[in-house]
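Student: I would like to go through this model with you. Shall we begin once it is displayed?

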Amino acid sequence: MSDIAAPVAALVEELSKLPGVGVKTAQRLTFYILRSPNDQARRLAEAILRLKESIIYCSRCYNITETDPCSICSNPGRDQETICVVEEPLDVLALEKTGAYKGLYHVLHGALSPLNGIGRKDIRIDELFKRLADGKVHEVILATNPGFEGDYTAGVIKDGIKSELAVPQLRVTTLARGLPLGGDLEYADEGTLSRAIEGRRDL
Ligand SMILES: [Zn+2]
C-alpha cells in the first residue's frame with residue numbers, strides 16, 4: 001500500500017479493523033467515500049463522532065443510551081419485576097422489535113469464556129446480582145446466546161443466584177428452545193424470538 005496516497009491508506013486501514021470487513025471491502029468503501037459528495041462524507045464522519053460522544057451506558061441495565069437511566073429503565077409502563085439478561089445491546093434491540101417483552105433488561109456485555117480468559121469480573125454479572133438482591137424482581141430470564149459460552153454463562157448466573165443471593169422467590173427462566181444453535185439472538189427472526197420468550201421455561 002506504500003504507493004497509495006496516505007489518506008487513502010489510512011482510511012483503508014481503519015475500515016479494515018471493523019468486524020466482517022476485510023482489506024478488499026475496506027478499499028471498496030474507501031473509494032466509494034472518495035467519490036461521494038463532500039456533505040455525505042461529512043455526515044458519516046459526524047455520525048461516528050456523535051456516536052462516541054453522546055452514547056453512554058445506563059447505570060442500571062448497562063444498555064447503550066443517551067440518557068441515564070435509559071428510556072426502558074425509566075418507563076413506568078414496563079414490568080419492573082422482570083429482568084431479561086442478554087449479552088449485547090443488539091440483543092435488546094432484537095427483543096424490543098418483537099414487542100413480545102415488556103420487562104426490563106440487563107446487558108452483560110459479553111459471555112463467560114474460560115478458553116478466552118473472560119471471567120466474571122469482565123462482564124456485568126455482579127451488577128446484575130446487586131439489582132436482584134433486594135428481592136423486588138420476581139423473574140430473571142436468562143437470554144444469553146445459544147451455544148457453549150452462552151449456556152455456561154447462564155449456568156453460572158443461575159448457580160450464583162442460588163448460592164449468593166437470599167431470594168428464594170425469584171424465578172429463573174430461559175428462552176424456549178428453537179433458536180438456531182450457535183447463532184446470536186440478534187440474527188433470530190422476530191417470530192422465532194417472540195415464541196422463544198412466550199415459551200420460556202424454568203432453568
Ligand atoms: Zn437502563
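Tutor: The donors of the zinc ion follow the spacing C-x2-C-x8-C-x2-C along the chain; donors are N, O and S atoms within 2.8 Å of the metal (3.2 Å for Na, K and Ca), and water is not among the atoms, so sites may look incomplete. This is a predicted model, in which local features need pLDDT of at least 70, side-chain atom pairs count only at pLDDT 80 or more, and totals for chains, interfaces and linings use all residues. Residues are numbered from 1 along each chain as its sequence is written, and side-chain values use heavy atoms, with hydrogens and water left out.

Student: Which atoms coordinate the zinc ion?

Tutor: The SG atoms of Cys58, Cys61, Cys70 and Cys73 do, at 2.3 Å.

Student: Why is the arrangement called tetrahedral?

Tutor: The 4 donor atoms subtend angles of 106 to 116° around the zinc ion, which makes it tetrahedral; the criterion for four donors is that all angles lie between 85 and 135 degrees.

Student: Are Cys61 and Cys73 buried or exposed?

Tutor: Both Cys61 and Cys73 are buried, meaning under 20% relative accessible area, where exposed is over 50% and partly exposed lies in between (1.4 Å probe, protein chains only).

Student: Changing topic, which residues touch the most other members of the largest nonpolar core?

Tutor: Leu132, Ile157 and Ile161 do, in a core of 41 residues. Such a core is a set of buried Ala, Val, Leu, Ile, Met, Phe, Trp, Tyr and Cys residues joined through side-chain atoms within 4.5 Å.

Student: And what about Phe148: buried or exposed?

Tutor: Phe148 is exposed, with a relative accessible area of 57%.

Notes:
Four donors count as tetrahedral if all angles lie between 85 and 135 degrees; four count as square planar and six as octahedral if opposite donors are over 155 degrees apart and all others between 65 and 115; anything else is irregular.
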